[in-house]
4 protein chains.
Amino acid sequence: MTDRKVRIAILGASGYTGAELLRLLVRHPGVEITALTADRKAGQPLADVFPQFVGLNLPTLVTIAELDLDGLDLVFCALPHGTTQTVIADLLARKPDLKVIDLSADFRLADPQAYARWYGHEHQAMDLQGEAVYGIAELYRAEIRKARLIANPGCHSSTAILAGVPLLRAGLVDADDIVTVSSTGMSGAGRAAREEMLFSEVSEGLHAYGVGSHRHTAELDQEFSRASGRPVMSTFTAQLAPMNRGIYSMNFFRPVHAAGAPELHAALSEAYADEPFIELLPLGKVPQSRHARGSNRVLIGVVPDRRPDRVVVISTCDNLVKGASGSAVQNMNVLCGFAETDGLPQVALFP
Amino acid sequence: MTDRKVRIAILGASGYTGAELLRLLVRHPGVEITALTADRKAGQPLADVFPQFVGLNLPTLVTIAELDLDGLDLVFCALPHGTTQTVIADLLARKPDLKVIDLSADFRLADPQAYARWYGHEHQAMDLQGEAVYGIAELYRAEIRKARLIANPGCHSSTAILAGVPLLRAGLVDADDIVTVSSTGMSGAGRAAREEMLFSEVSEGLHAYGVGSHRHTAELDQEFSRASGRPVMSTFTAQLAPMNRGIYSMNFFRPVHAAGAPELHAALSEAYADEPFIELLPLGKVPQSRHARGSNRVLIGVVPDRRPDRVVVISTCDNLVKGASGSAVQNMNVLCGFAETDGLPQVALFP
Amino acid sequence: MTDRKVRIAILGASGYTGAELLRLLVRHPGVEITALTADRKAGQPLADVFPQFVGLNLPTLVTIAELDLDGLDLVFCALPHGTTQTVIADLLARKPDLKVIDLSADFRLADPQAYARWYGHEHQAMDLQGEAVYGIAELYRAEIRKARLIANPGCHSSTAILAGVPLLRAGLVDADDIVTVSSTGMSGAGRAAREEMLFSEVSEGLHAYGVGSHRHTAELDQEFSRASGRPVMSTFTAQLAPMNRGIYSMNFFRPVHAAGAPELHAALSEAYADEPFIELLPLGKVPQSRHARGSNRVLIGVVPDRRPDRVVVISTCDNLVKGASGSAVQNMNVLCGFAETDGLPQVALFP
Amino acid sequence: MTDRKVRIAILGASGYTGAELLRLLVRHPGVEITALTADRKAGQPLADVFPQFVGLNLPTLVTIAELDLDGLDLVFCALPHGTTQTVIADLLARKPDLKVIDLSADFRLADPQAYARWYGHEHQAMDLQGEAVYGIAELYRAEIRKARLIANPGCHSSTAILAGVPLLRAGLVDADDIVTVSSTGMSGAGRAAREEMLFSEVSEGLHAYGVGSHRHTAELDQEFSRASGRPVMSTFTAQLAPMNRGIYSMNFFRPVHAAGAPELHAALSEAYADEPFIELLPLGKVPQSRHARGSNRVLIGVVPDRRPDRVVVISTCDNLVKGASGSAVQNMNVLCGFAETDGLPQVALFP
């Protein structure tokens with residue numbers, strides 16, 4: 001696919017994940033940005049919606065209906081949850097060889113019953129749901145390479161999953177005693193105007209949300225169960241921190257079989273030895289979310305608790321990059337045979 | 001003691017907890033602010049150090065050596081950890097009937113060995129250490145009433161302790177399986193100039209600190225053990241959030257004896273029914289730190305996890321008020337026979 | 001009016017200025033909070049809308065139509081611009097001796113033509129417009145004392161007006177060469193959900209708005225003209241800063257008649273010598289907005305430029321307190337014969 | 001110089017501008033990062049000082065004395081003001097054909113008397129001072145191409161100079177009536193630990209600093225005078241805003257010869273027609289600093305005031321990029337014959 005540029009469209013280019021895809025893709029050597037959609041803002045220049053792109057000569061926003069599918073190889077779908085599944089079903093019906101990388105939650109859960117339970121309605125494209133590959137390249141690189149439809153994971157989920165899965169696969173921790181507190185910046189909530197997202201409602205304070213019911217938990221269940229070979233339910237709570245970007249996931253594990261922090265560190269070290277975007281810190285070092293800001297990296301720290309039966313594994317990334325658009329680009333790179341780091345060379349913006 | 005105004009001094013008035021004591025005490029009906037010390041800034045008007053007090057006609061800063069102890073009834077000690085113990089020992093040697101409310105960590109641990117272990121050196125005033133009362137009025141009101149020396153608790157500790165102690169006293173939760181993630185604003189770190197406290201090192205990001213080794217853990221051990229009647233060690237980690245004020249403590253408990261979130265909620269409700277500063281939200285409601293900002297209140301929420309063997313109890317307050325200077329004033333009110341809410345009527349500043 | 005408590009209602013209690021009125025009035029010794037309106041949230045407990053009031057036993061929200069006017073002495077009107085004028089006209093028609101303090105812009109401009117020009121439509125209650133007193137107590141205390149309807153000024157306007165009017169009255173500066181750059185925190189924009197008010201659109205950046213056309217400019221024109229005795233048009237621009245609270249007004253004046261910074265400082269010193277809420281800093285000192293946060297104070301600094309023909313006068317306050325709800329309470333105090341500082345004793349919340 | 005990679009060193013790599021140089025240069029196709037100095041942190045891996053570089057395999061920090069000058073073509077100097085001049089004099093004495101791009105203030109003022117007046121002491125390398133080229137590529141590209149020593153401009157200065165110089169050159173505005181209010185984020189102050197730079201002293205508030213005396217004013221004088229052909233003194237004040245990055249410069253001009261906003265806009269449009277990093281917005285549009293964050297761009301807006309004798313020109317950029325390290329890389333590109341955009345392709349990080 002790489003002898004000419006891959007022609008891509010971004011559906012939902014007026015949201016934050018859409019803008020972040022653009023930030024990365026305008027510098028991607030193998031991609032031609034062919035179309036940008038935003039149904040309610042169709043007809044507007046992108047720079048009216050996102051002034052950081054002024055002067056970059058990008059396509060004007062169009063509706064999805066106006067898309068010319070023939071001229072497209074791959075579509076990034078950055079649309080709201082729930083409606084995405086019918087949009088994608090329709091696109092693939094019209095052009096079966098189109099590649100789709102979906103940033104919504106619609107295709108993340110492979111089990112239709114789990115989907116119905118967590119999202120409150122039956123899935124509208126159940127066959128595609130079965131086909132979709134869960135888009136964490138570090139875990140499913142081989143499957144992504146052959147996929148037609150990639151379900152990009154949730155930001156909380158992927159951050160916690162990358163911390164936990166190698167430990168569960170190695171059988172080093174008790175799968176029935178995992179507690180995760182995952183803090184996020186505001187950009188993960190998108191750009192829709194809602195009272196609880198106003199500056200004054202978010203700044204100078206902290207609060208948990210979705211306690212016991214956050215939908216990203218369903219992804220943890222799926223991946224922790226796959227890694228454990230049996231059904232696993234962890235405890236997960238999300239917090240909103242007064243910042244734009246960052247996922248900061250504190251994961252408390254109970255080691256088994258006399259393992260401790262060094263064994264957990266070794267398992268992660270082995271699992272991610274060749275990964276370009278995963279940086280495991282030396283044992284005992286604590287990462288900061290700001291040192292991943294704007295980059296596609298995940299920083300992981302393993303810290304022993306004073307209780308010998310607990311180990312804290314902290315994983316952190318930028319929710320808009322590795323937690324969303326960056327991993328989507330990474331998945332495209334795997335899928336299209338590009339170098340996996342193409343378009344993703346950014347060092348974190350700090351300060 | 002209340003027929004005339006209580007003459008107080010603040011030692012360490014150039015720090016944030018000192019300033020916060022002043023903010024509250026300038027409006028306290030029963031108090032006369034007699035002296036303010038700040039050894040390195042002695043001779044300066046307070047308003048040069050804290051411009052918010054310009055025009056309020058407060059005493060000029062002096063050294064501790066310049067204090068006239070005869071003219072004082074009570075001293076708030078807002079000095080650094082470690083040196084405070086000898087300062088207070090000296091004050092009480094010179095004036096044995098002086099009342100002292102200490103905001104440092106020096107007298108919080110009743111056990112000399114625990115002190116030595118957590119703080120790295122032997123205590124320099126061991127007899128006073130035994131005499132000191134741990135200053136959480138909601139738990140030790142009777143003892144505070146008769147105390148000479150009150151050890152005001154740490155901000156993380158008191159927030160988590162208020163969530164956990166009634167549950168442990170009631171035997172509703174497993175004392176060996178408590179996980180606390182407590183996030184704090186920057187003001188709790190004080191006003192000393194250190195690189196890691198610079199705006200650019202704190203804003204737009206999150207990070208854990210003192211993982212497995214935070215000294216406030218020692219207070220949790222002490223109070224959770226007292227409440228349980230046997231030695232207890234919980235798992236505690238602190239996070240620094242990009243905000244000035246707020247402690248947000250997420251406490252994960254494992255209920256025992258078929259108890260669940262409703263039973264835990266009921267126990268907290270009973271324990272705090274008459275407390276003016278503790279507000280237990282309806283079962284399932286999640287508090288936000290910003291709704292306690294600037295007030296002396298603790299907001300507590302009890303939320304069931306989807307796992308039946310876990311309950312999340314979230315407690316939050318302003319680290320400088322109920323987490324430090326406000327509870328110090330509350331302790332003074334108890335000790336001096338004032339109404340417990342005197343000087344503490346502020347509703348939270350939100351937005 | 002002060003032999004019994006003044007019975008007040010707040011119209012628009014679900015907005016930020018409404019909440020701020022409540023924060024101040026719950027501690028006011030002379031006031032009984034009788035009713036709170038919020039048409040779209042009628043029937044809800046206030047604490048559902050503003051959790052900082054949980055446990056304070058305040059009236060449940062009602063619609064304006066449900067108000068019992070007989071039981072009211074005074075109404076604070078914190079409703080949107082434009083519709084307020086007909087609401088107030090109706091209230092006063094039904095109860096002519098009601099006192100009204102309006103926090104909207106509807107009655108600030110005495111000149112109907114100026115109103116029509118700046119607000120784009122004819123005023124709907126022109127007789128009341130003529131009656132209304134512009135509510136800066138430091139300038140119109142005598143008029144406020146006798147008023148029935150007080151038009152509380154805009155936050156940018158009052159901050160700049162307090163800096164400029166004494167200088168113009170004294171004839172010390174060129175009225176045709178005034179440049180004001182006034183920065184504000186986000187809370188001044190209210191609680192309506194709009195994209196440009198989202199956390200991610202406001203944090204980590206700065207931008208001007210309403211350049212050359214901000215409606216608060218009309219108030220500057222009115223008051224600067226009154227003070228000068230002839231029509232005056234200044235240059236005014238507003239900036240939005242990533243903070244909740246604070247107005248920071250940098251005013252550039254060109255002194256006349258060989259005056260300089262010392263003469264300007266002296267004129268302000270004389271004008272505000274007895275004012276409880278205006279703090280003029282020593283000549284050359286620069287105020288910070290954070291040192292007024294949460295208090296009703298205005299801090300003013302006079303700083304010479306290196307150009308002898310320019311002087312910078314910086315005035316700053318909390319936009320929700322002295323810039324809105326605090327000055328409204330101050331106006332009520334003047335109107336009702338309370339001590340002017342009743343309900344307004346708060347020292348700034350810093351840090 | 002471009003047939004092999006240019007070997008560069010960064011002196012002062014442990015500060016924010018040093019880190020920002022690295023962020024840009026690690027992706028620069030024509031550069032080899034040969035050495036990094038930080039005298040007080042020599043011997044430490046860079047990633048201990050700036051964890052965002054972990055895993056990037058950059059040189060360990062050394063002292064300046066340890067530098068191997070023979071292996072270097074060009075040095076970026078990100079050292080403190082005052083001492084830099086002797087460091088650079090020494091380097092050039094030892095290796096006369098070394099190229100130096102200095103980010104300190106030491107060589108910005110061509111006039112030794114101006115230097116002495118603004119910096120309080122005689123310059124220690126006066127001959128070099130005469131040789132240095134002021135490093136705004138948009139104004140001095142030809143000189144930079146031939147330079148040995150480039151004095152990178154101050155962040156406030158360059159932002160305001162780019163707004164004003166084309167207008168002064170064209171004779172469109174009164175050079176004796178310029179007022180600039182320039183707001184900056186905190187990162188511009190560097191990483192030295194000082195009380196006034198602590199998070200709690202900077203967040204949730206705004207304040208002016210260096211009013212009438214900010215040293216960047218001297219650069220405005222120099223460049224505005226050069227552009228006008230006669231001595232010019234403008235009025236300049238700086239403000240600190242609670243954000244990491246961003247310079248936001250509001251410049252008030254008085255047009256002459258019946259010019260107005262359209263004429264000023266046209267002059268800027270002509271001046272910057274071919275500039276890759278300057279984006280002039282359509283007449284009347286207001287830029288936001290966040291839309292330049294992390295990029296090397298300057299966004300400029302021209303907005304008419306309602307007073308016909310005033311026009312507001314707003315220029316904004318990222319203080320660490322175009323205001324410091326980005327323009328330093330741009331200058332290197334000009335000097336070394338690279339494409340001017342090499343290493344500087346980043347689109348702004350928003351949100």
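Start by selecting chains B and A: in this predicted model, 49 residues of chain B are in contact with 49 residues of chain A. Show the two chains in separate colours and turn the view until you can look along the place where they touch. Together, chain B and chain A bury about 4300 Å² between them, and carbon and sulfur atoms account for 52% of that area.

Next, look at what holds your eye in this interface. There are six salt bridges between chain B and chain A. To see a salt bridge here, select R310(B) and D177(A) and show their side chains, which meet with an N to O distance of 2.4 Å.

Which elements of chain B supply at least two residues each to the side that touches chain A? The helices are α8 (199-202) and α9 (216-228) of chain B. The strands are β8 (179-184), β9 (207-209), β10 (235-240), β11 (247-253), β13 (298-304) and β14 (311-317) of chain B. Now colour this side of chain B by residue class: you will find 22 nonpolar, 14 polar and 13 charged residues.

Keep chain B on screen and bring in chain D. Here 21 residues of chain D are in contact with 21 residues of chain B. The area buried between chain D and chain B is about 1700 Å², with 52% of it given by carbon and sulfur atoms. Select L198(D), F199(D) and N244(D) next: these three supply 38% of the area that chain D buries against chain B, more than any other three residues.

How many salt bridges are there between chain D and chain B? The count is six. Highlight helix α8 (residues 199-202) of chain D, which gives four residues, the largest share of the side of chain D that touches chain B. By class, this side of chain D has 10 nonpolar, five polar and six charged residues.

A search of the whole structure finds six cavities of 30 Å³ or more. The largest cavity has a volume of about 260 Å³. Which residues lie nearest the centre of the largest cavity? Select P242(A), P242(B), P242(C) and P242(D), together with F199(B). They belong to a lining of 21 residues, made up of 11 nonpolar, six polar and four charged residues.

The last stops are details of the backbone. Go to chain C and zoom in on F350(C) and P351(C): the peptide bond from F350(C) to P351(C) is cis, with omega near 0°. P351(C) sits in the segment after α11 (321-336) of chain C. Then move to chain D, where a cis peptide bond joins F350(D) and P351(D), with omega about 0°. You will find P351(D) in the segment after α11 (321-336) of chain D.

Finish in chain A at E204(A), in the loop between α8 (199-202) and β9 (207-209). Phi of E204(A) is near 50°, a positive value in a residue other than glycine.

Definitions and conventions
Residues numbered from 1 in each chain as written. Chains lettered and ligands numbered in written order. Predicted model: local features only at pLDDT ≥ 70, side-chain atom pairs only at ≥ 80, totals over all residues. Heavy atoms only, no water. Contact = heavy atoms within 4.5 Å. Buried area = accessible area lost by both parts, 1.4 Å probe. Salt bridge = Lys/Arg side-chain N within 4 Å of Asp/Glu carboxyl O. Nonpolar A, V, L, I, M, F, W, Y, C, P; charged D, E, K, R; others polar. 1 Å grid on protein atoms, 1.4 Å probe; cavity = no way out; pocket = protein on both sides within 12 Å on 5 of 7 lines; lining within 4 Å. Points joined across faces, edges and corners; volume = space filled by probe spheres on them.
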